Amino acid sequence: MKKEYDSHQVNRWRWLIPSVILLLGLGGTLLLSDSFRQRAITNWEADAKQAAQWLSGTFLGWLEESYGPISGVAALFENSDNVTEDEFFNAYDGLESRATAFFLDTIAVLQPDDE
């Protein structure tokens, strides 16, 4: 009878030990994968933030480079009584040829009628 009891207990341990090892392995895998995922998300967010800052700085630089010359031509045109359309477009072409970043695709001149 003692022999039967021992074999039954041995069979229980045969299933219990692999089951515990399997559960520990699954738990460890889940913890590691979650840790790696969190680290990847944190790194991606840091890279995205750095890229956004760089792009924002670049865009602001382009805007500042374009705004100054265009404001100068506009001020000249507004304060002059006899700037012709050709003079305005020549000034615009000169700006466009000197600028490193230029965003305007079209430009127009509106002149009031003398009538």
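Which residues in α2 are buried? Keep that in mind while you select residues 85-98, which make up helix α2. Colour F88, Y92, G94 and L95, because these are the buried ones in α2, where buried means under 20% relative accessible area. Now turn the view until you look down the axis of α2: the buried residues fall within an arc of 160°, so they line one face of the helix. One thing to know before going on: this is a predicted model.

The 14 residues of α2 should span 20 Å at 1.5 Å a residue, and the end C-alpha atoms are 20 Å apart, which agrees.

Next, zoom out to the whole protein. How many helices and strands does the secondary structure come to? There are two helices and zero strands. The protein has 115 residues, and 7% of them count as buried. Show the surface too: the accessible surface comes to about 10,300 Å², and 61% of that belongs to carbon and sulfur atoms.

Now select residues 2-78, helix α1, and find I21 in it. Is I21 buried or exposed? I21 counts as exposed, because its relative accessibility is 55%.

A search of the whole structure finds one salt bridge. Why can these two line up? An α-helix has 3.6 residues a turn, so residues three or four places apart point the same way. As for cover, R37 is partly exposed, with a relative accessible area of 45%, and D34 is partly exposed as well, at 35%.

Last stop: S66, also in helix α1. Its relative accessible area is 8%, so S66 is buried. Select E96 along with S66 and draw a line between their C-alpha atoms: the two are 30 residues apart in sequence and 9.2 Å apart in space. To finish, look at contacts across the whole protein. Among those with a separation of 6 or more, 52% come from residues 24 or more positions apart.

Definitions and conventions:
Residues are numbered from 1 along each chain as its sequence is written. This is a predicted model: local features need pLDDT of at least 70, side-chain atom pairs count only at pLDDT 80 or more; totals for chains, interfaces and linings use all residues. Side-chain values use heavy atoms; hydrogens and water are left out. Helices (H or I, at least four residues) and strands (E, at least two) are DSSP runs, numbered from the N terminus. Buried means under 20% relative accessible area, exposed over 50%, partly exposed in between (1.4 Å probe, protein chains only). The expected span of a helix is 1.5 Å times one less than its number of residues. The arc is that of the directions from the helix axis to the C-beta atoms. Contact means heavy atoms within 4.5 Å. Accessible areas come from the Shrake-Rupley method with a 1.4 Å probe; for residues, only the protein chains shown count as cover. A salt bridge is a side-chain nitrogen of Lys or Arg within 4 Å of a carboxyl oxygen of Asp or Glu.
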